[in-house]
Amino acid sequence: MVNRRAKWVAALRTPVGAFAAALLVLVLALAVLAPILWHGKAFEIDTDAIGQGPSAEHWLGTDDLGRDIFFRVLVATRLSVLLAVLATVIGVVTGLVLGTLPSLLPRPAARLVTAAVNIAVAFPGLLLVLFFSVIFGVGTHGAVLAVGFALAPAFARLAQTLSASVAGQDFVSAARISGVGRIRLLVRHILPNIGEPLVVNATIGAGSSLLAFSGLSFLGIGVQAPEYDWGRLLGEGLNGIYVNPAAALAPGVAVVLAGLAFNLVGETVAGVIGVRTGSRKLAPRPVIPAREEAADDRDDAVLVVENLQVAFPRPAGWTVPVRGVSFTVRAGEAIGVVGESGSGKSLTGLAVSRLVEAPAVVTADRLDFAGKPVLTTPERELRGLLGTSLAMVFQDPMTSFNPTRRIGRQLAEVAEQHQGLPRAKAFARAVDRLRAVRIPAAERRARQYPHEFSGGMRQRAMIGMGLMGDPRLIIADEPTTALDVTVQQQLLRLLARTRTERNTAIILISHDIAVVSQTCERMLVMYAGRVVEDLPSAATPRHPYTRALLAATLDLETDRDAPLAVIPGRPPEPDRVPTGCAFADRCPAVTDRCRLEDPVLERVTSGHRVACWHPHDTSSAQPAKESVTAGGAE
């Protein structure tokens, strides 16, 4: 708050800021005071002074009825500014509605609205003003609507762009996971985060609105007699411009100065805040054969995934970054998902949480959460289930919270939505959950904003948000990234305690095999969108990729004089996965069969599956750091 106030003071001290503020204050003061002080003089008819030029008595001369032009220009300030502001409000509100409708409507209707906005933006603004003037008719009301609706397409395009940029943030995904409806999501989480640039552009747009409205009055289709604004005065003064140029020049200068005031104020505000000017029809399902054994079904299964596929359309076909993933998560079980960047770990977590948006297509032979089919259950019914039983902890805690809302209110929203608690009780529950995740001074902290929390505290608060309901599954996507070792250990212990006390299942997604081995008793190793090995953390890995990841892990026993172990080459792009085993080009044990046939997950021991034609033989002597747990030990 102090920094923002200092920025405003600094901006107003600059020449441009000071001039803009002074000019705007002058315009607004005239709009308020001029009709009160000089209304009588502006309408006083003097037949002895018709059509006179500037004089000591009449500074800008008189019109064809002997009325003083100077006082008429001053009095016209109120109507000119009021109509411009009113038209701007209509344009901004209409633009916001058109710009945010695509996020609320079904996809076909959303595309129709977007296409209509794009077509309207392609036309010049003046042409739109004249078009709407014909529709709404001559007069003040018609001109206000014409100018307002002509401004709407530009604001709609801006709102669409800003909404799309915010909708991809983690805190919006977190709100969806908690079951927040589309309208509430828009009002509470998206609009507050795009308000500042919209205010800036509305301020700048008021100048354009003033100019457009004056133009309509000048053409005779705006304000009608006996009312008058600057545009009408300009039109009247133009008739005698050769006799008395000041009669036309004065209202023109007034329009320029008022428009300049609005635009300069908008630029000043921009400098301060740092802104520069249900069911849906899915695309055809890509045909991909199931490649893994279906996970065993158990009565205590919280999540059952069979042949999960996520595909994105492209001109030449489909890109499939997740290719037939299958696994089962049981109550109280902790599973780690590891692999290099781009292996499909996070996308699998998002698909399970139903957070993958169109045009992506998510398909599965089976995707059940708490006994409910995720892909076919109606959204309203599924929203309540996911909101109370599934918690998502995202990688970046700063983007996981709405920066415009206090931490406590964001946590309380879950209880208000799904448990029907009143506002005060929901907030009290939020404070209690912050205490449960070891946040000191929880009641005071609950009234703070996300930027007032440290990174570790934000992650703990995210876990606290998940505990607002009664989660049966927590999906933690890289929760310890960019945190120091001490905070990492605190978060891992918090997840372990939550799992023990509540019998909550955990899916820990990470690129760090050591972190996973400390928290989970089972591990899924993903490569190129597939699970290549499913093994207990204490088991000896048998897939060459898992062994390579383990060899690249550093611990206290690592020989500091030896070169660091690396995996040669790079993972294949999702749209360029080769025939056969995707790891073949990087595998030291590759054969011709590996390049021709893609292996499937096969059981090698109880609870251990591997997709490899030449898995490591565990009967041979085992060197140090052979098991996953050994590699991840502290």
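Reader: Which residues are linked in a network of salt bridges?

Author: Side chains of opposite charge can pair when their charged atoms come close. The cut-off used is a side-chain nitrogen of Lys or Arg within 4 Å of a carboxyl oxygen of Asp or Glu. In this structure a network of such bridges links R330, E333, R522, D534 and R609. The rule gives a count of 19 salt bridges. This is a predicted model, in which local features need pLDDT of at least 70, side-chain atom pairs count only at pLDDT 80 or more, and totals for chains, interfaces and linings use all residues. Residues are numbered from 1 along each chain as its sequence is written, and side-chain values use heavy atoms, with hydrogens and water left out.

Reader: What do the side chains of R609 and D534 form where they meet?

Author: They form a salt bridge, with N to O at 3.2 Å. R609 belongs to strand β13 (residues 608–610) and D534 to strand β11, so this pair ties together parts that are 75 residues apart in sequence. Helices (H or I, at least four residues) and strands (E, at least two) are DSSP runs, numbered from the N terminus.

Reader: Are R609 and D534 buried or exposed?

Author: Buried means under 20% relative accessible area, exposed over 50%, and partly exposed in between, with a 1.4 Å probe and protein chains only. R609 and D534 are both buried. Another salt bridge joins E413 and R405 at 3.3 Å, N to O, and both of these residues are buried as well.

Reader: Which residue forms a salt bridge with R499?

Author: The partner is E521, with the closest N and O atoms 2.7 Å apart. R499 lies in helix α18 (residues 485–502) and E521 in the loop between α19 (513–519) and β10, so the pair ties together parts that are 22 residues apart in sequence. E521 counts as partly exposed, at 35% relative accessibility.

Reader: How many residues of strand β10 are buried?

Author: Six of the six residues of β10 (residues 522–527) are buried, so this strand is largely enclosed by the rest of the structure. R522, L524 and M526 point one way, while M523, V525 and Y527 point the other way.

Reader: In which sense do β3 and β10 pair?

Author: Two strands pair if DSSP finds at least two bridges between them. Strand β3 (residues 334–338) and β10 pair in the parallel sense, over four bridges. M523 in β10 is the bridge partner of G336. With strand β11 (residues 530–536), β10 pairs in the antiparallel sense over six bridges. In β11, D534 is the bridge partner of L524, and V531 is that of M526. β10 and β11 form a hairpin with two residues between them, and A528 in the turn has a positive phi of about 55 degrees.

Reader: What is the order of the eight strands in the open sheet?

Author: The order is β7-β8-β9-β3-β10-β11-β13-β12, and the pairing is mixed. β7 (390–393) and β12 (602–605) are the edge strands, each pairing on one side only. From one strand to the next, the twist averages 20 degrees. Helix α18 packs on this sheet, touching β3, β8 (473–477) and β9 (505–509), and its direction makes about 155 degrees with that of β9. Contact means heavy atoms within 4.5 Å. Axes are lines fitted to C-alpha atoms, for helices over the stretch in contact, and angles run from 0 to 180 degrees between N-to-C directions.

Reader: At what angle do the axes of helix α14 and helix α17 cross?

Author: Two packed helices are described by the angle between their axes and the distance between the axes. The axes of α14 (residues 407–418) and α17 (residues 455–466) cross at roughly 25 degrees and come within 9 Å. That makes α14 roughly parallel to α17. Angles under 35 degrees count as roughly parallel, over 145 as roughly antiparallel, 65 to 115 as roughly perpendicular and the rest as oblique. Where they meet, I407, Q410, L411 and V414 in α14 face A461, G464 and M465 in α17.

Reader: How far apart are the axes of helix α3 and helix α9?

Author: The axes of α3 (residues 69–100) and α9 (residues 230–238) are 8 Å apart, and the helices pack at about 135 degrees. α3 and α9 are therefore oblique to each other.

Reader: Where is E478 found?

Author: E478 is in the loop between β8 and α18. Its phi is near 50 degrees, a positive value in a residue other than glycine. E478 is buried, with a relative accessible area of 8%.
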